[in-house]
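Please look at the sequence and the structure below before reading on. The paragraphs after them are meant to be read with both at hand.

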Amino acid sequence: MNGAAALAPLEVAGRLDRLRALLDRAGADGRPVDGLLVTNATSIRWLSGFTGSAGLLLVTGDHALLTTDGRYRTQAFEQLSAVGVDADIEIRIGGVHAQREALVAESGAIRSFGLEADHVTWSAQRSWDDLFVGIELLATRGLVEGLRMAKDAGEVARMECAAAIADEALADVLPLLAAAGSGTGGTLTESRFAAALDHAMRERGAEDRAFETIVASGENSAKPHARPGDRPIGVGDPVVVDFGAVFDGYRSDMTRTFWVGGTPSGGMAEVFAVVAASQRAGVDAVAPGAVAGSVDQVCREVIASSGWADRFEHGTGHGVGLEIHEGPSVGPGSTAILVPGTVVTVEPGVYLPGTGGVRIEDTLVVTENGSRSLTQFPKEVAV
């Protein structure tokens with residue numbers, strides 16, 4: 001798939017000002033800070049367009065400074081220019097000592113600034129204390145992550161491309177499962193199918209897989225995060241396939257569960273039906289103004305009514321974007337309010353140890369009047 005040229009642009013300009021608007025209550029105790037030292041690489045990318053593996057971004061009320069090393073000299077200037085923030089963010093290139101000197105010089109008039117508590121280790125915090133003498137360092141949580149939860153049109157377009165790549169790749173390799181069901185094509189292991197799916201995503205234009213692809217067959221399908229192994233896939237196996245692609249940094253996430261060699265019968269047929277009903281109910285509940293915890297509750301009630309409440313042992317979903325797990329959580333007790341542009345998964349499952357499991361998942365974007373699924377692969381069970 002190659003649709004990059006036609007994609008809506010990322011709306012990076014303006015993100016710094018949205019962050020600045022939060023600084024007056026950024027401290028964990030609600031206290032104001034004069035600036036924020038962003039150390040999380042994903043958030044640095046979201047704010048600036050810079051994708052290097054080493055960098056720091058100091059954002060104050062009227063200035064922003066990105067520091068990185070010589071490996072990224074050309075890349076930093078090119079990437080900031082490409083998203084239109086090269087005039088808004090000063091770039092300093094140098095070794096660790098030079099970078100820290102630049103940050104200290106920039107913080108001369110600052111009385112306090114925030115550190116991202118979720119991304120700064122205890123030892124790093126102590127080193128920042130030693131460096132920024134006379135400046136109060138306050139813990140902050142989720143400032144940039146909260147802004148990232150509502151995606152702009154360019155972000156959604158890239159996630160839709162990632163989802164389309166995954167859809168097409170699964171269609172490419174599904175005949176391998178069909179051959180396993182008919183006894184042709186040789187031995188198909190979980191690992192072989194996962195490798196074929198990963199390769200197909202690359203062939204379709206993915207930068208990478210969104211996470212380690214899950215292919216779990218037979219009794220392994222009762223393990224929600226089973227790793228593909230050397231178990232042969234055969235007739236009468238449920239097969240959980242949970243995977244995604246990366247396109248221009250943005251990720252997709254989808255799960256389909258298949259039955260090899262026909263259709264399920266008995267207890268497993270009921271599990272397939274109940275999980276499908278739960279997933280449909282959850283998808284229908286995703287809408288602007290909905291509480292994320294309520295989406296989880298809707299899915300959970302369908303499964304509980306069938307007697308398998310204790311066999312649905314994970315949250316219903318999560319946010320997706322530049323990372324595979326972002327806010328908001330779609331789980332019990334989550335109070336996050338879904339708004340247009342929020343992208344979440346809905347992925348209920350039932351897992352019967354020693355027998356098998358079923359999970360169905362789509363990635364949805366909240367719209368002005370409901371939601372739209374970015375993942376489109378059909379949900380037929382039989383292979």
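The model is predicted.

We begin with the sheet. Six strands make up an open sheet in the order S4-S3-S2-S1-S5-S6, and the pairing is mixed. Strand S4 (90-93) and strand S6 (136-140) are at the edges with a single partner strand each, so one side of each has no neighbour in the sheet. On average, neighbouring strands of this sheet are turned by 25 degrees against each other, direction ignored. Strands of a sheet pair through backbone hydrogen bonds, and the pairing is either parallel or antiparallel.

Strand S2 covers residues 56-60. Is this strand mostly covered or mostly exposed? Strand S2 is mostly covered, as five of its five residues are buried. In a regular strand, side chains alternate between the two faces of the sheet. In S2, Leu56, Leu58 and Thr60 are on one side, Leu57 and Val59 are on the other, and all of these are buried, which leaves both faces covered.

Strand S2 can be followed to its partners. Strand S1 (residues 35-38) pairs with S2 in the antiparallel sense over four bridges, and leucine 36 stands opposite valine 59 in S2. Strand S3 (residues 64-68) is also antiparallel to S2 and is joined to S2 by four bridges. Here leucine 57 has leucine 66 in S3 as its bridge partner. Three residues lie between S2 and S3, and the two strands form a hairpin.

The parallel sense occurs in the sheet as well: S1 and strand S5 (residues 112-116) pair this way over two bridges. The bridge partner of leucine 37 in S5 is leucine 115.

Next come two helices. Helix H8 (residues 190-203) has 14 residues and reaches 20 Å from its first C-alpha to its last, close to the 20 Å expected at 1.5 Å a residue. Which residues of H8 are buried? They are Glu190, Phe193, Ala194, Leu197, Asp198, Ala200 and Met201. Seen down the axis of H8, these buried residues fall within an arc of 160 degrees, so they line one face of the helix. An α-helix has 3.6 residues a turn, so residues three or four places apart point the same way. The buried residues of H8 pack against H7, S7, S8, S9 and strand S10 (245-247). After H8 comes glycine 205, with a positive phi near 115 degrees.

Helix H9 (residues 266-285) has 20 residues. From its first C-alpha to its last, H9 reaches 29 Å, close to the 28 Å expected at 1.5 Å a residue. Its buried residues include Met268, Val271, Phe272 and Val283.

Strand S8, one of the elements packed against by H8, has both faces covered. Ile214 and Ala216 on one side and Val215 and Ser217 on the other are all buried. S8 pairs with S9 in the antiparallel sense over four bridges, and serine 217 stands opposite valine 239 in S9.

The last topic is charge. Side chains of opposite charge can pair when their charged atoms come close. How many salt bridges does the structure hold? There are 27. One of them joins the side chains of arginine 15 and glutamate 155 (3.7 Å, N to O). Arginine 15 lies in helix H1 (residues 15-20) and glutamate 155 in helix H7 (residues 153-182), so the pair ties together parts that are 140 residues apart in sequence. Both arginine 15 and glutamate 155 are buried.

Arginine 227 and glutamate 212 form another salt bridge, with their closest N and O atoms 3.2 Å apart. Arginine 227 is in the loop between strand S8 (214-217) and strand S9 (238-243), and glutamate 212 is in the loop between strand S7 (208-209) and S8, 15 residues apart. Arginine 227 is exposed, with a relative accessible area of 62%, while glutamate 212 counts as partly exposed at 36%.

Aspartate 296 has a relative accessible area of 2% and is buried. Finally, salt bridges link Arg148, Lys151, Glu323 and Glu326 in a network.

Conventions. Residues are numbered from 1 along each chain as its sequence is written. This is a predicted model: local features need pLDDT of at least 70, side-chain atom pairs count only at pLDDT 80 or more; totals for chains, interfaces and linings use all residues. Side-chain values use heavy atoms; hydrogens and water are left out. Buried means under 20% relative accessible area, exposed over 50%, partly exposed in between (1.4 Å probe, protein chains only). Two strands pair if DSSP finds at least two bridges between them. Axes are lines fitted to C-alpha atoms, for helices over the stretch in contact, and angles run from 0 to 180 degrees between N-to-C directions. A salt bridge is a side-chain nitrogen of Lys or Arg within 4 Å of a carboxyl oxygen of Asp or Glu. The expected span of a helix is 1.5 Å times one less than its number of residues. The arc is that of the directions from the helix axis to the C-beta atoms. Contact means heavy atoms within 4.5 Å.
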